[in-house]
Amino acid sequence: MVSAENSAVRSTGNPARNLIPVTIAQGDGVGPEIMAAVRRVLDAAGAPLAYEEIEIGERVYRSGVSSGIRPEAWDSLRRTKVFLKAPITTPQGGGYKSLNVTIRKTMGLYANVRPVRTYAPYVETIHPTMDVVVVRENEEDLYAGIEHRQTDEVYQCLKLITRPGCERIVRYAFEYAVANGRKKVTCMTKDNIMKLTDGLFHRVFEEIGTEYPQIQQEHMIIDIGMARVAKYPERFDVIVTPNLYGDILSDVVAEVAGTVGLAPSANIGDQVAMFEAIHGSAPDIAGKGIANPSGLLLSAVMMLVHVGEAECASRIHNAWLGAVEDGAATADLGGSYTTEQFADAVIHHLGSHPQHHLPAVAYTAPPKKKVPTLRIPRIAEKTMIGIDVFVHHWGAVDSLAERLTAVAGDDFELQMITNRGVKVWPAGMPETFCTDHWRCRFMSRNERPVTHAHLVALLGRIAENGVDFIKSENLCLFDGAPGFSLGQGQ
Ligand code: NAD
């Protein structure tokens, strides 16, 4: 381990005691201020932690590391397997990748867990009894980050949903519900539109749900689900949802509860876990000493439960509740406490319980049971029966159809052309707006299976005819069921 002041990893704490190693990062903006406050509370509460500090974020980005994290820092995360992270600033533009997404995906942190409860009447909300946990899939969906510019007018982002990814997160949500005495799990997707991708998430939810008959289960389409959460959050308990919806939903839930400034989060993987507030680096108030350290402190509480220090976690959370009841509030909560004064108030309440409206907490060690990553190989019988060829073409669809029909050959027929998913040939509508990006579906004649050689030959003929194909997708049957969607209007 490196211990020089200016190295990427610096360790503090007393290694002579039996301390639990954790990696911490101060982050940017208000990060160092709230991390200092949280460290003071953890130390005062006797949290048995040994800190390895790593530098991540803006300075690392600006030093030319486009990921925002250096190789030595990865070593620390792999060694301690526990990371308490203050928010960082992602510089705009310049090809910088989101460090959060990089850490989540590299370390396999597949579950993003955001418990949100209210602290009325001390934190204003019109939903004083809500108590919702959002379990967001953390690695897949549009966050796979596979994007391409394909034509003059069209850009694409691939939405990837996998069966093992769905199984892991759905099982995690049910196991979380069981371990935490929760009654209901709601699944939210948009499978009325995305029948294959979100349809898989919903189907896996129903399959795995049969193993948890003691838990109430429901599915909602994400748009109405999110609207209901905003209006009737007390009707919800645990919500499991794909990545993008979960990203938005968890901020909505936190804001409905009062403020995003209080919400903690855990990013859980099989090996490593990362804990952080859900707010950002708040550059507008950085350096003023007025930031609310609660989001990071409550994340540290989740971390203590995770490492088996449930008693210490309860002690800190109850002290925090007591301080809030006694009027400790930073500017975002309508008070005038500085970050330091807020931390002092929490330290002052260590050892006591909330006395008035807020219920005390009593954490227990998490069950040792690990959520199994089921990877049952399901090898389907796969038959190729066609190909979607995407082309870059300016002009009328009829001329494109004519050129493509001429090269379809004996093996294929041009079945349809769509533009942004809507069928425009044959028999398109003049009202449909068309861009320069066309999906041309070739099906094998007489439903004969085709080979890669057939597909390559077809692509060759298309190119020879001067048509600019930009990508293709094979059309397959999996155990006889189509692995592709129909065109809108087909
Ligand atoms: P933000 O959460 O930093 O700030 C939004 C508003 O909330 C600001 O008015 C801010 O002053 C206030 N706020 C946030 N945290 C607060 C706290 N602890 N106490 C009091 N007030 C607080 O969101 P933003 O302005 O959209 O983003 C700023 C930067 O943070 C960006 O660079 C963004 O990329 C980054 N960010 C990082 C993370 C992370 O590291 N996990 C998360 C979100 C945003």
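The model is predicted, so local features need pLDDT of at least 70 and side-chain atom pairs count only at pLDDT 80 or more, while totals for chains, interfaces and linings use all residues. Residues are numbered from 1 along each chain as its sequence is written, and side-chain values use heavy atoms, with hydrogens and water left out.

**Ligand site**

- There are 17 residues around the ligand, and Ile-88, Gly-280, Ala-282, Asp-284 and Asn-292 come nearest (a residue is near if one of its heavy atoms lies within 4 Å of the molecule).
- By class, this shell holds six nonpolar, seven polar and four charged residues (Ala, Val, Leu, Ile, Met, Phe, Trp, Tyr, Cys and Pro count as nonpolar, Asp, Glu, Lys and Arg as charged, and the others, Gly among them, as polar).
- A polar backbone atom of Ile-88 is 3.0 Å from an oxygen atom of the ligand.
- The side chain of Asp-284 has an N or O atom 2.8 Å from an oxygen atom of the ligand.
- A nitrogen atom of the ligand lies 2.9 Å from a backbone N or O atom of Asn-292.
- The protein buries 65% of the 810 Å² that the ligand exposes when taken alone (accessible areas come from the Shrake-Rupley method with a 1.4 Å probe).

**Two packed helices**

- Two packed helices are described by the angle between their axes and the distance between the axes.
- Helix α10 (residues 310-325) and helix α11 (residues 339-348) pack at about 115 degrees, with their axes 7 Å apart (axes are lines fitted to C-alpha atoms over the stretch in contact, and angles run from 0 to 180 degrees between N-to-C directions).
- Helices are DSSP runs of H or I with at least four residues, strands are runs of E with at least two, and both are numbered from the N terminus.
- From α10, Ile-316, Ala-319, Trp-320, Ala-323 and Val-324 meet Phe-342, Ala-345 and Val-346 of α11 (contact means heavy atoms within 4.5 Å).
- This contact of α10 with α11 has eight nonpolar, no polar and no charged residues.

**Backbone positions in loops**

- Ala-120 and Pro-121 are joined by a cis peptide bond with omega near 0 degrees, and Pro-121 lies in the loop between β5 (111-117) and β6 (131-137).
- The peptide bond from Trp-425 to Pro-426 is cis, with omega about -5 degrees; Pro-426 is in the loop between β16 (422-425) and β17 (437-444).
- Asp-141, a residue other than glycine, has a positive phi near 65 degrees, and Asp-141 sits in the loop between β6 and β7 (147-149).

Key. Polar contact = N/O pair within 3.5 Å; in protein donor to acceptor, adjacent residues only side chain to side chain.
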